[in-house]
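Take a slow look at the model below. We will walk through it one part at a time.

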Amino acid sequence: MSDNRRLRIAVQKSGRLSKDSIELLKAIGIKLNIRDRLLIAHSTNEDIDLLRVRDDDIPGLVMDGVVDMGFIGENELEEKMLERKAAGKIADYEVMRRLDYGGCRLSIAVPNEANYSGVQSLEGKRVATTYPFLLERYFKEQNVNAQAVMLTGSVEVAPRAGVAEGICDLVSTGATLEANGLVEKDVIFRSKAVLIKRTGEFSTEKQALIDRLVPRIDGVMQAKE
Ligand code: PRT
Ligand code: ZN
């Protein structure tokens, strides 16, 4: 079983960040015994346990101090931070390293045939997104009165379905937008994966482990440059 002498690190169980996060941990010398169905994976050579969860849960686990560290996309991290602040919850964390994977951008896109001359064109309209807090912050900064409509999936079909006039979603190659007859207009957030840690003191042992591991991450990233 895990106990709090062991460093707890949250990683996405399965998805776009899983493989690179696990590979990075292995590259810095952490031996892991991962069994697909299990929530917890123990390291066999370091005092480390991995908690394998949905990426959406990782910011909260770190901010609540349930885990010590986590690998997460900045988009999800920033969204959850805004959501928690709005709900009056603790939203503190520290970014230890910005990593070299998980790169994407959160962009507003509209149908090819839409008349669009800047974000002001969305005044009074609805925009479907999984990131309502980031989108509403952008609308506020731009002085636009538009409505963020929360959808957790299939955001790209919202305009065709008549649910919204535009979308705000993650883009990497742009193929999904193109396949759905949408054009990317405004990039509102640029994201990469980051390694974060909880705030507060660590035990001497945990701190020593962190101090030993983080320079190895730098070494692995430099070797790839
Ligand atoms: O199940 P769980 O909740 O853990 O996973 P998830 O489905 O919420 O997340 P997942 O695995 O799809 O993405 C995890 C993280 O990867 C995101 O939060 C981003 O930080 C990062 N990432 C990088 C991306 C993309 N690139 C990306 N392209 N996340 C999602 N996409 C999707 C996007 O939503 C759209 O549907 O890919 C499509 C667009 O891709 P292109 O290449 O067609 O432009
Ligand atoms: Zn998710």
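Start with helix α4, residues 132-141, whose buried residues are Pro132, Leu134, Leu135, Tyr138 and Phe139. They cover an arc of only 165 degrees around the axis, which puts them on the same side of α4. The arc is that of the directions from the helix axis to the C-beta atoms. An α-helix has 3.6 residues a turn, so residues three or four places apart point the same way. Buried means under 20% relative accessible area, exposed means over 50%, and partly exposed lies in between (1.4 Å probe, protein chains only). Helices (H or I, at least four residues) and strands (E, at least two) are DSSP runs, numbered from the N terminus.

This is a predicted model: local features need pLDDT of at least 70, side-chain atom pairs count only at pLDDT 80 or more, and totals for chains, interfaces and linings use all residues. Residues are numbered from 1 along each chain as its sequence is written, chains are lettered from A and ligands numbered from 1 in the order in which they are written, and side-chain values use heavy atoms, with hydrogens and water left out.

The face away from its buried side carries the exposed residues Lys140 and Glu141. What do the buried residues of α4 pack against? Their partners are α3 (74-86), β7, β8 (126-129), β9 (147-150), β10 (166-171) and β11 (182-191). Contact here means heavy atoms within 4.5 Å. Just after α4, Asn143 takes a positive phi of about 60 degrees.

Move to helix α1, residues 18-27. Its buried residues are Ser18, Ser21, Ile22, Leu24 and Leu25. Seen down the axis of α1, they fall within an arc of 155 degrees, so they line one face of the helix. These buried residues pack against β1 (7-12), β2 (32-33), β4 (48-53), β5 (69-73) and α6 (204-224). Gly29 follows α1 and has a positive phi, near 95 degrees.

**A buried tyrosine**

Find Tyr101 in the loop between β6 (94-98) and β7 (104-111). Is Tyr101 buried or exposed? Tyr101 counts as buried, at 8% relative accessibility. Leave aside its neighbours within four places in sequence. Tyr101 is then in contact with Leu17, Asp20, Ser21, Leu24, Phe71, Lys192 and Ala193. Two of these, Ser21 and Leu24, are among the buried residues of α1.

**The ligands**

Next, look at ligand 1. Of the 21 residues around it, Arg54, Asn75, Thr173, Gly174 and Thr176 come nearest. A residue counts as near if one of its heavy atoms lies within 4 Å. A backbone N or O atom of Gly174 lies 2.7 Å from an oxygen atom of ligand 1. For a backbone N or O atom of Arg16, the distance to an oxygen atom of ligand 1 is 2.8 Å.

Ligand 2 is a zinc ion. Asp55 (OD) and Asp56 (OD) coordinate it, at 2.0 Å. Asp55 is buried, with a relative accessible area of 18%. Asp56 is partly exposed, at 26%.

**The whole chain**

Finally, step back. The chain has six helices and twelve strands. Of its 225 residues, 48% count as buried. Its C-alpha atoms fill a box of roughly 60 × 35 × 35 Å, taken along the principal axes.

Definitions and conventions
Donors are N, O and S atoms within 2.8 Å of the metal (3.2 Å for Na, K and Ca); water is not among the atoms, so sites may look incomplete. A polar contact is a pair of N or O atoms within 3.5 Å; within protein, one must be able to donate a hydrogen and the other to accept it, and residues adjacent in sequence count only if both atoms are side-chain atoms.
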